[in-house]
Amino acid sequence: MSGYEKQFLITGVSSGFGRAFAQAALEKGHRVVGTVRTDEAAVRFETLAPGRAIAVNLDVADVAAIEPIATDIERSVGPVDVLVNNAGYGHEGTIEESPIEEMRRQFEVNVFGAVAMMKAVLPFMRRRRAGHIINITSMGGFITMPGIAYYCGSKFALEGISEVLAKEVKDFGISVTAVAPGSFRTDWAGRSMVRSGRSIADYDALFDPIRRAREEKNGKQAGDPRKGAAAVMALVEAEKPPVHLLLGADALSLVRDRLKSLSAEIDAWEDLTRSTDFAEA
């Protein structure tokens, strides 16, 4: 390729992880097409590396717009070697207090938008027999905690979808990796988070301390977005990238604990589980 190494398509490059991923890729000599939602954000992004940082205005929840935009990128900018589905946000609120419309919006962005991006680039990657799709999920796609059911649900879904897609396209030279970060110093728990209002006092004792702790810890998380971005670049360069990758010591510890707990629960109820099969003749 002339002038750059690989071409990345990264959603949500205005801030946080998306900006960190884009900067890391540009520093490696790659070209990055990044999605933004305002003209001002587009200008700021393209100044990072004129000619190699290319902004595209797109709201990933507008799934009808994704395929034509991806096709235009392939034809007028160049082939997408790496798709990074980064765009997303967190919703906070107990299930009973959170309107179903907020769940629908959470899934439109975190799941449907990501799947539409994958479907848009797959025909081109499949014809070339090459490509890497990286879906940014969360340790919340493995573990749960009260108050973020809609978010965890969306990330559990994206983890499962990623794993299935990896099996479907492995013979086409396409890799799929679900990257699950722990707590990083991004805007996720700050201005980017949508918080449902409180209305039921019965949840105060459980949920108020959780909301307060999340607000107090914002900006003090252990995870460094630049180091997370460097890990993703290492993933892109790997000969055989994994289907799942955790980022951060907290994600590693919490997910391992969850898997141990799940295994113990399965073992404890094994007899009842086995009792539902037809008796052998």
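**Entry 1: H4 by itself**

I am working from a predicted model. I started with H4, which covers residues 100-128. I checked its length first. At 1.5 Å a residue, its 29 residues should span 42 Å. I found the end C-alpha atoms 41 Å apart, which agrees.

Next I looked for a bend. H4 bends by about 40° at Glu108. I then looked just past the helix. There Arg129 takes a positive phi of about 55°.

**Entry 2: H4 with H5**

I turned to H5, residues 149-169. H4 and H5 pack with their axes 9 Å apart, at an angle of about 20°. Angles under 35 degrees count as roughly parallel, so I logged H4 and H5 as roughly parallel to each other. Their crossing is right-handed.

I listed the contacts. From H4, the residues that meet H5 include Ile100, Met103, Phe107, Val111, Ala114, Val115, Met118 and Leu122. On the H5 side I noted, among them, Tyr150, Tyr151, Ala157, Leu158, Ile161, Leu165 and Val169. Sorted by class, this contact holds 15 nonpolar, four polar and two charged residues.

I also thought about the spacing along a helix. An α-helix has 3.6 residues a turn, so residues three or four places apart point the same way.

**Entry 3: H4 with H3**

What angle do H3 and H4 make when they pack? I read about 30°, with the axes 9 Å apart. H3 is residues 63-77. H3 and H4 are therefore roughly parallel to each other. H3 passes H4 in a right-handed crossing.

From H3, I wrote down Val63, Ile66, Glu67, Ala70, Thr71 and Glu74. They meet Phe112, Gly113, Ala116, Met117, Ala120, Phe124 and Arg128 in H4. By class I have eight nonpolar, two polar and three charged residues in the contact of H3 with H4.

**Entry 4: H1 with H7**

I left H4 for the last pair. H1 is residues 16-27 and H7 is residues 225-237. Their axes lie 8 Å apart, and the helices pack at an angle of about 55°. H1 and H7 are therefore oblique to each other. H1 makes a right-handed crossing as it passes H7.

In H1 the contact residues are Phe17, Ala20, Phe21, Gln23, Ala24, Ala25 and Glu27. Their partners in H7 are Pro225, Arg226, Gly228, Ala229, Val232 and Met233. I sorted the contact of H1 with H7 into nine nonpolar, two polar and two charged residues.

Note on methods. Residues numbered from 1 in each chain as written. Predicted model: local features only at pLDDT ≥ 70, side-chain atom pairs only at ≥ 80, totals over all residues. Heavy atoms only, no water. Helix = DSSP H or I, 4+ residues; strand = E, 2+ residues; numbered from the N terminus. Expected span 1.5 Å × (residues − 1). Bend = angle between axes of the 7 residues up to and from the residue. Axes fitted to C-alpha atoms, helices over the stretch in contact; angles between N-to-C directions. Parallel < 35°, antiparallel > 145°, perpendicular 65-115°, else oblique. Left-handed = near helix turned anticlockwise from the far one by under 90°. Contact = heavy atoms within 4.5 Å. Nonpolar A, V, L, I, M, F, W, Y, C, P; charged D, E, K, R; others polar.
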